[in-house]
Amino acid sequence: MKQNIKLKGRLRYYMYTPLYVTILLLFLNILIYFEDKRAGVIVTIFVVIYFIFIFTTYIWNKPVLTKEMIHFATQYATVQKQLLDDFEIPYAILDINGIILWMNKEFEQLTGKDKGYHKTIFTIFPMISKDQIQKGEKENLRIGWEDKIFRAAIEPIYLEKKTEESSIIEVKENENLIALYLYDETELNQYIQMNQEQKLVASLVYIDNYEEALDSIEDVKRSLLSALIDRKVNEYFSKVDALVRKIEKDKYFVVFKYKYLNVLEEDKFSLIEDVKSVKVGNEMAVTLSIGVGIQGESYNTNYEYSRMAIDLALGRGGDQVVVRKGEDIFYYGGKSKTVEKNTRVKARIKAHALRETLQSRENVMIMGHNISDVDSFGAAIGIYCAAKVLNKKAQIVLNEVTSSLRPLKECFAPEKGYPEDLFINSERAMETINRNTLVMVVDTNRPNYTECPQLLERGNAIVVFDHHRQGNEVIKNPILSYIEPYASSTCEMISEVLQYFTENIKLEPAEADCIYAGILIDTNNFMTKTGVRTFEAAAYLRRCGADVTRVRKLLRNDMNSYKARAEVVRHAEVYKGAFAISVCPGKMESPTIVGAQAADELLNIIGIKASFVLTEYQGKIFISSRSIDEINVQLIMEKLGGGGHLNVAGAQLINCTLSEAKRALQETIDHMLEEGEIEI
């Protein structure tokens with residue numbers, strides 16, 4: 001049977017070119033006849049002889065040429081197939097459904113399959129999906145096979161496009177294949193990992209309460225205490241081949257290889273617990289803070305990350321480790337109560353800095369957190385008093401006045417000598433602010449928690465005073481920041497600052513009452529987070545005219561709130577035998593305040609180590625959490641996006657119901673109990 005093979009493409013063009021030339025010669029011959037008939041006859045004879053020769057040659061040589069071409073193509077395909085079969089990279093051809101059509105020797109040796117294996121590639125590599133095969137685009141993914149790591153390159157082969165110009169055989173439309181290459185990157189990944197592990201990690205270790213611990217023991221034992229701490233630090237880091245250098249009496253600079261960071265993280269930096277066991281007669285346990293910085297572009301960047309991490313650790317109260325990995329931050333420890341600082345040097349320095357800042361500005365806008373409480377309001381009044389001494393206009397941003405704040409706010413009415421625009425809302429604040437306005441934030445260090453976050457973007461001078469532990473989200477670029485987690489309240493910090501702000505500063509009785517009320521509420525009547533400086537601040541306010549009886553009357557609740565608080569306590573559920581969880585009804589004027597008060601009440605029940613009250617209000621779920629000393633509720637609230645202190649914390653959840661929030665809280669407690677982050 002004769003096989004009819006048609007030529008196509010450039011090959012056909014080259015073979016037919018002499019025939020096309022014959023046609024041109026005929027046109028030329030016609031033109032010559034018009035000039036000279038004799039010459040035209042000669043050319044005609046030449047063209048006929050040329051055509052007969054070319055046609056005869058074409059007919060005679062076509063089978064020979066075709067045979068030679070087929071022979072060459074066969075040899076070429078055989079060589080090409082042999083090269084692919086001996087290709088050192090595992091290679092396979094798949095159809096559009098992932099069925100293996102062909103594989104080379106390396107692919108056979110790697111997978112243990114033979115060329116007769118025509119099942120899908122997914123039976124060998126289940127990590128490759130059908131969508132990736134049918135995507136029609138180049139795809140690279142990492143797959144593991146036994147003890148090796150491969151980069152699987154998936155590349156579509158469009159047969160019609162590949163054969164259009166060069167093939168002599170026509171193919172069906174859309175008959176596409178998939179090429180799969182497996183590049184062994186095991187050794188490359190090992191070198192990359194080795195290079196990463198050899199990188200140096202910069203870290204800073206600070207002793208939180210060095211001076212306080214030394215002051216609590218005899219002089220002759222101070223050097224012994226210092227030596228024992230040095231020994232603990234050096235022994236711990238020597239296990240990971242670290243370089244430890246003491247840069248100050250209470251500060252260490254530590255450098256170790258990146259590969260040991262996982263070891264320290266798995267150990268949860270047990271040094272911060274071990275160092276507390278150092279006892280040479282000191283009544284106060286020694287605590288450490290550690291800041292670690294990694295994944296920076298350079299070693300200088302890593303060092304800056306470690307500085308930021310140690311500042312964050314100290315800002316959260318110390319006794320913890322903060323690891324900054326690029327933009328991600330991880331916390332370890334932080335279970336113990338913060339240590340009160342006896343020195344007032346920092347308060348004096350901050351007072352002078354605040355005075356200079358206020359003097360350089362025309363006016364000041366003061367705002368606390370949204371749904372302002374007594375501590376936030378009292379701190380704002382304290383800053384107002386400081387601005388008034390310097391004859392600076394001060395305004396307090398207050399969007400919502402809760403029932404607990406209303407009696408306090410009424411003490412600053414215009415008829416009592418206070419400006420009519422002392423209290424303004426967010427809209428008015430945005431209209432009033434200018435380039436010479438100081439934005440003062442009190443009782444919060446999170447921008448989204450403030451009364452008007454837009455003010456922080458508009459203002460070019462921001463000051464932050466707060467007593468809550470810092471989290472990942474902080475107010476950026478303040479010109480002055482005073483954050484002391486050991487303080488009982490922001491009102492306590494403001495009271496200390498006012499004492500150093502200027503000589504003989506005078507507070508009105510209502511102003512002193514308001515600041516005193518903030519301390520009273522946040523300490524739960526001096527029962528929580530109360531230190532020496534708390535009572536000193538209260539004594540200063542008493543000297544300024546604060547009256548305990550008057551403050552008590554201002555802080556009384558109405559009957560509905562009192563009944564609601566009793567209902568919260570009555571319906572409380574005891575979870576895991578140690579956690580009291582309840583829900584506060586939101587149909588009242590200040591449900592979040594009632595929820596916080598109910599959380600305090602639940603701690604009076606025997607066996608309850610931590611209490612949580614959930615309140616649905618303004619489209620959010622507010623969680624108020626409290627503990628006495630055994631459970632760090634701050635760690636629990638941080639898992640839910642909130643924060644606070646060891647025994648007073650909270651969180652705000654959005655896009656969820658009360659039941660979902662309660663379930664999330666219980667799951668968080670379960671997870672932390674399993675991980676050993678909290679214990680009951």
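This is a predicted model: local features need pLDDT of at least 70, side-chain atom pairs count only at pLDDT 80 or more; totals for chains, interfaces and linings use all residues.
Reader: How are helix 17 and helix 19 oriented to each other?

Author: The general idea is to compare the directions of the two helix axes. Angles over 145 degrees count as roughly antiparallel, under 35 as roughly parallel, and 65 to 115 as roughly perpendicular, with the rest called oblique. Here the axes of helix 17 (residues 490–501) and helix 19 come within 9 Å and cross at roughly 60 degrees. Helix 17 and helix 19 are therefore oblique to each other, and their crossing is left-handed.

Reader: Which residues of helix 17 and helix 19 meet?

Author: From helix 17 come Glu 492, Ser 495, Glu 496, Leu 498 and Gln 499. Facing them in helix 19 are Arg 533, Thr 534, Ala 537, Tyr 540, Leu 541 and Arg 543. Sorted by class, this contact holds four nonpolar, three polar and four charged residues.

Reader: At what angle do helix 18 and helix 19 pack?

Author: Helix 18 (residues 509–522) and helix 19 (residues 532–543) pack at about 160 degrees, and their axes are 9 Å apart. Because the angle is over 145 degrees, helix 18 is roughly antiparallel to helix 19. The crossing of this pair is left-handed. Helix 18 contributes Ala 512, Ile 515, Tyr 516 and Ile 519 to the contact, while helix 19 contributes Thr 534, Ala 537, Ala 538, Leu 541 and Arg 542. By class, those residues are seven nonpolar, one polar and one charged.

Reader: What is the handedness of the crossing of helix 21 and helix 22?

Author: The crossing of helix 21 and helix 22 is right-handed. Helix 21 (residues 559–570) packs against helix 22 (residues 591–602) at an angle of about 50 degrees, with the axes 9 Å apart, and that makes helix 21 oblique to helix 22. On the helix 21 side you can find Ser 561, Ala 564, Arg 565, Val 568 and Val 569; they meet Val 594, Gln 597, Ala 598, Glu 601 and Leu 602 of helix 22. This contact divides into six nonpolar, two polar and two charged residues.

Reader: Let us turn to the backbone. What is the phi of Asn 524?

Author: First, the general idea: most residues other than glycine have a negative phi. Asn 524 is not a glycine, yet its phi is positive, at about 55 degrees. You will find Asn 524 in the loop between helix 18 and helix 19. With 25% relative accessibility, Asn 524 counts as partly exposed.

Lys 268 is another case to look at: this residue is not a glycine, and its phi is a positive value near 55 degrees. Lys 268 sits in the loop between helix 9 (261–266) and helix 10 (271–274). Its relative accessible area is 37%, and Lys 268 is partly exposed.

Reader: Is Asn 209 buried or exposed?

Author: To read this, look at the relative accessible area: under 20% means buried, over 50% means exposed, and values in between mean partly exposed. Asn 209 has 0% relative accessibility, so it counts as buried. Asn 209 belongs to the loop between strand 6 (200–207) and helix 7 (210–215). Its side chain reaches the backbone oxygen of Ala 285 at a distance of 2.8 Å.

Reader: Which residues is Ser 203 in contact with, leaving aside its neighbours within four places in sequence?

Author: They are Tyr 252, Phe 253, Val 254, Phe 256, Gly 291, Val 292 and Ser 306. Ser 203 lies in strand 6 and is buried, with a relative accessible area of 1%.

For Tyr 258, look in the loop between strand 8 (251–257) and helix 9. Not counting residues up to four places away in sequence, Tyr 258 touches Gln 196, Glu 197, Lys 199, Val 201, Ile 294 and Gln 295. The C-alpha atoms of Tyr 258 and Val 240 are separated by 10.0 Å, and the two residues are 18 residues apart along the chain.

Reader: Where is Ser 659 found?

Author: Ser 659 is in helix 24 (residues 658–675). Ser 659 is partly exposed, with a relative accessible area of 44%. The side chains of Ser 659 and Thr 657 are joined by a polar contact of 3.1 Å. Ser 372 is 287 residues away from Ser 659 along the chain, and their C-alpha atoms are separated by 26 Å.

Key
Residues are numbered from 1 along each chain as its sequence is written. Side-chain values use heavy atoms; hydrogens and water are left out. Axes are lines fitted to C-alpha atoms, for helices over the stretch in contact, and angles run from 0 to 180 degrees between N-to-C directions. Helices (H or I, at least four residues) and strands (E, at least two) are DSSP runs, numbered from the N terminus. A crossing is left-handed if the near helix is turned anticlockwise from the far one by less than a right angle, and right-handed if clockwise. Contact means heavy atoms within 4.5 Å. Ala, Val, Leu, Ile, Met, Phe, Trp, Tyr, Cys and Pro count as nonpolar, Asp, Glu, Lys and Arg as charged, and the others, Gly among them, as polar. Buried means under 20% relative accessible area, exposed over 50%, partly exposed in between (1.4 Å probe, protein chains only). A polar contact is a pair of N or O atoms within 3.5 Å; within protein, one must be able to donate a hydrogen and the other to accept it, and residues adjacent in sequence count only if both atoms are side-chain atoms.
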